[in-house]
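Here is a friendly walk through one model, taking helix packing and then charged pairs. Please have a look at the structure before reading on.

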Amino acid sequence: MKHSELSLFKEQGQKITCLTAYDASMAKILDQSGVDAILIGDSLGMVIQGKENTRSVSISDMIYHTSIVSGSSNNALIISDMPFSSYDNPDDALENAKAFIDAGARMVKIEGGSEHEDVIKKLISNNINICGHLGLQPQLVIKSDDYRVQGRDESSAQRIIDNSILLESLGVSALVLECIPSDLAKTVSEKLTIPTIGIGAGVDCDGQVLVSYDMLGITTGKQPRFVRSFLDNQNTISEAVESFVAEVKGKTFPSQSESY
């Protein structure tokens with residue numbers, strides 16, 4: 001799948017499905033089960049490495065997992081998170097982004113807005129496809145108590161809107177919206193021509209993404225309200241993934257109770 005096809009999904013009113021993968025086995029299942037995009041998330045710091053947050057994940061970690069997942073996927077769009085401190089300045093960001101492309105990624109994801117304008121311009125001018133990420137930014141989270149819904153008040157909501165418009169104007173291809181009120185996510189989605197992909201942002205985003213371990217109900221500890229175990233009432237992981245795809249495409253996930 002080409003990155004340009006994401007916009008076609010939005011134009012046609014078809015929801016985009018995205019799940020994370022970190023290994024060959026999961027990548028093959030997602031790819032063969034009809035998932036549109038596979039994200040190699042820096043969430044691997046928590047679900048694979050057992051850390052409290054994503055900030056210790058290195059470039060080498062991400063490149064390693066990107067090469068594995070991309071080599072095991074034939075259809076889905078491969079997106080890789082650029083980890084914490086890998087895009088602090090334009091030159092380093094470009095060098096690191098090129099390493100992701102060489103490893104098989106077709107798009108890199110960067111958290112934040114106007115503070116990374118120079119970085120985004122540099123990557124776009126060098127034909128690097130970018131997925132933005134606004135709302136809750138996990139790379140800014142130090143401890144679990146820092147995971148909070150963003151954009152609840154008027155000023156922070158407006159910052160998210162303004163940054164989303166800026167990112168589109170800079171040439172970003174898609175935008176993840178994490179843990180924001182569903183009405184705000186709907187507003188952003190309607191203002192943009194690029195697709196939005198929600199996680200804890202309501203059903204009106206142009207697509208949905210979940211951490212695959214969360215979607216399968218194998219993540220320990222308390223889960224946020226937007227997580228649903230699709231393995232319940234299914235016999236195999238493939239069936240669970242197919243259920244996720246069907247419910248996102250059918251606009252029955254997330255439900256109102258799974259939204260903010």
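At what angle do helix H7 and helix H8 pack, and how far apart are their axes?

## Ground rules

This is a predicted model, in which local features need pLDDT of at least 70 and side-chain atom pairs count only at pLDDT 80 or more, while totals for chains, interfaces and linings use all residues. Residues are numbered from 1 along each chain as its sequence is written, and side-chain values use heavy atoms, with hydrogens and water left out.

## H7 with H8

Helix H7 (residues 154–170) packs on helix H8 (residues 182–191) at an angle of about 25°, and their axes are 10 Å apart. Helices here are DSSP runs (H or I, at least four residues), as are strands (E, at least two), numbered from the N terminus. Axes are lines fitted to C-alpha atoms, for helices over the stretch in contact, with angles running from 0 to 180 degrees between N-to-C directions. H7 and H8 are therefore roughly parallel to each other; the classes are roughly parallel under 35 degrees, roughly antiparallel over 145, roughly perpendicular from 65 to 115, and oblique for the rest.

H7 and H8 cross in a right-handed sense (right-handed if the near helix is turned clockwise from the far one by less than a right angle, left-handed if anticlockwise). On the H7 side, Ala157, Ile160, Ile161, Ser164, Ile165 and Glu168 meet Leu184, Thr187, Val188 and Lys191 of H8, where contact means heavy atoms within 4.5 Å. That contact of H7 with H8 comprises six nonpolar, two polar and two charged residues. For these classes, Ala, Val, Leu, Ile, Met, Phe, Trp, Tyr, Cys and Pro count as nonpolar, Asp, Glu, Lys and Arg as charged, and the others, Gly among them, as polar.

## H6 and its two partners

H6 and H7 have axes that come within 10 Å and cross at roughly 25°. That makes H6 roughly parallel to H7, and their crossing is right-handed. Glu117, Ile120, Lys121 and Ile124 of H6 meet Leu166, Leu167 and Leu170 of H7. The contact of H6 with H7 divides into five nonpolar, no polar and two charged residues.

H5 and H6 pack at an angle of about 45°, their axes 9 Å apart. H5 and H6 are therefore oblique to each other, with H5 passing H6 in a right-handed crossing. Pro90, Asp91, Ala93, Leu94 and Ala97 of H5 make the contact with Asp118, Val119, Lys122 and Leu123 of H6. By class, the contact of H5 with H6 holds six nonpolar, no polar and three charged residues.

## Salt bridges

How many salt bridges does a search of the whole structure find? There are seven, each a side-chain nitrogen of Lys or Arg within 4 Å of a carboxyl oxygen of Asp or Glu. One of them joins Lys122 to Asp91, with the closest N and O atoms 3.4 Å apart. Lys122 lies in helix H6 (residues 117–125) and Asp91 in helix H5 (residues 90–102), so this pair ties together parts 31 residues apart in sequence. Lys122 is partly exposed at 28% relative accessible area, whereas Asp91 is exposed at 52% (buried is under 20%, exposed over 50%, partly exposed in between, with a 1.4 Å probe and protein chains only).

Asp206 pairs with Lys10, their closest N and O atoms being 3.0 Å apart. Asp206 sits in the loop between strand S7 (196–199) and strand S8 (207–210), and Lys10 in helix H1 (residues 5–12), 196 residues apart. Both Asp206 and Lys10 are buried. Lys109 and Asp81 form another salt bridge, at 2.7 Å from N to O, and both are buried.
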